[in-house]
Amino acid sequence: MLTKEIQIAVEKGDMLPLMEEFYTIQGEGYHTGTAAYFIRIGGCDVGCHWCDVKESWNAELHPPTKTDIIVQNAKKYAETVVVTGGEPLTWDMGLLTGKLKKENLRVHIETSGAYPVTGEWDWFCLSPKKNKLPVAGAYAIANELKVIIYNKHDFIFAEEQAAKVNPNAILFLQPEWSKKEEMTPLIVDYVMNNPKWRVSLQTHKYLNIP
C-alpha cells in the first residue's frame with residue numbers, strides 16, 4: 001500500500017512505477033539498429049492477448065521511482081531515451097520528459113495512444129490496439145504508425161488506422177512474434193502491393209538482446 005505522499009507524487013508524474021531500464025539497440029520501427037536507453041513504465045489496461053511483457057500490466061508490482069533518479073541513470077548511457085511500457089501515457093509524462101530534455105537527451109515514446117498525450121516528445125511511435133483505440137491527439141502528432149499483424153484481419157485495421165493518422169506519419173507493419181513465420185510473407189506481399197507501408201521486424205529478438 002502506497003503512502004498518500006507517494007500516491008500524490010505518482011499522480012503528478014514526479015514518481016513513476018519503474019519496471020526496468022536498460023541500454024540496448026532499438027529493435028523495431030523507424031529507429032531500428034540505433035542505440036537507446038529504454039525506460040519501461042509499469043501499468044497497462046489495454047490488455048493485448050499477445051503482449052510479450054504482460055508482467056508490466058500491474059503497476060503495483062513496480063516500485064514508484066523518482067524521475068530524478070530515472071534521468072540520472074539514463075544520461076549515463078545514451079543520447080536517445082525510449083519510454084515504453086506497459087502504457088506510459090497512463091501516467092503524466094510531463095516532468096520526466098522535461099527533465100530528460102534539460103539533459104539534452106532525445107526522448108522517444110512507444111505507446112498505444114489510448115490515453116491523453118502528456119510530455120514533450122522528439123519521436124512519437126503510435127502502435128494502436130483494437131480493444132482501446134488511440135485518442136485524437138495521438139493520431140495528430142505520431143511520427144510513426146506501427147501496426148502489429150497477428151492475423152489477416154489486421155491488415156484492414158492497419159488501413160483504418162492509417163486513414164486516421166496525420167499525413168506525415170511513417171507507416172509500418174510488424175508481424176506478431178509468435179506468428180512471424182505465417183505473417184511475415186503476407187506482410188512482404190502487402191508492402192510490395194501497397195508501398196506506402198514499410199516492414200518492421202523485432203530484430204532485437206533475432207539478435208537475442210533486450
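Mentor: Ground rules: the model is predicted, so local features need pLDDT of at least 70 and side-chain atom pairs pLDDT 80 or more, while totals for chains, interfaces and linings use all residues. Numbering runs from 1 along each chain as its sequence is written, and side-chain values use heavy atoms, leaving out hydrogens and water.

Trainee: Why is Ser 127 called buried?

Mentor: Buried means under 20% relative accessible area, exposed over 50%, and partly exposed in between, with a 1.4 Å probe and protein chains only. Ser 127 has 8% relative accessibility, so it counts as buried.

Trainee: And what makes Met 192 exposed?

Mentor: Met 192 comes out at 63%, so it is exposed. Met 192 sits in helix α6, residues 180-193; helices are DSSP runs of H or I with at least four residues, strands are E runs of at least two, and both are numbered from the N terminus.

Trainee: What about Leu 201, buried or partly exposed?

Mentor: Its relative accessible area is 30%, so Leu 201 is partly exposed. Leu 201 lies in the loop between β9 (197-199) and α7 (203-207).

Trainee: Which residues does Leu 201 contact, leaving aside neighbours within four places in sequence?

Mentor: Gly 27, Glu 28, Gln 174, Pro 175 and Thr 184 are in contact with Leu 201. Contact means heavy atoms within 4.5 Å.

Trainee: What does Ser 127 touch, not counting residues up to four places away in sequence?

Mentor: Ser 127 touches Thr 111, Ser 112, Lys 146 and Ile 148. Ser 127 belongs to the loop between β6 (123-126) and α4 (136-141).

Trainee: Where does UniProt place the feature "binding site"?

Mentor: The unreviewed UniProt entry puts that feature at Trp 50, Cys 51, Asp 52, Gly 86, Ser 127, Pro 128 and Lys 129. Of these, the lining of the largest pocket includes Trp 50, Cys 51, Asp 52, Gly 86, Ser 127 and Lys 129. A pocket, on a 1 Å grid over the protein atoms alone, is an open set of points with protein on both sides within 12 Å along at least five of seven lines, and lining residues have an atom within 4 Å of a point. UniProt annotations may be inferred rather than shown by experiment.

Trainee: Where does Gly 86 lie?

Mentor: In the loop between β4 (80-85) and α3 (94-102). Beyond four places in sequence, Gly 86 touches Ile 41, Gly 43, Cys 44, Val 53 and Ser 56.

Technical notes. 1 Å grid on protein atoms, 1.4 Å probe; cavity = no way out; pocket = protein on both sides within 12 Å on 5 of 7 lines; lining within 4 Å.
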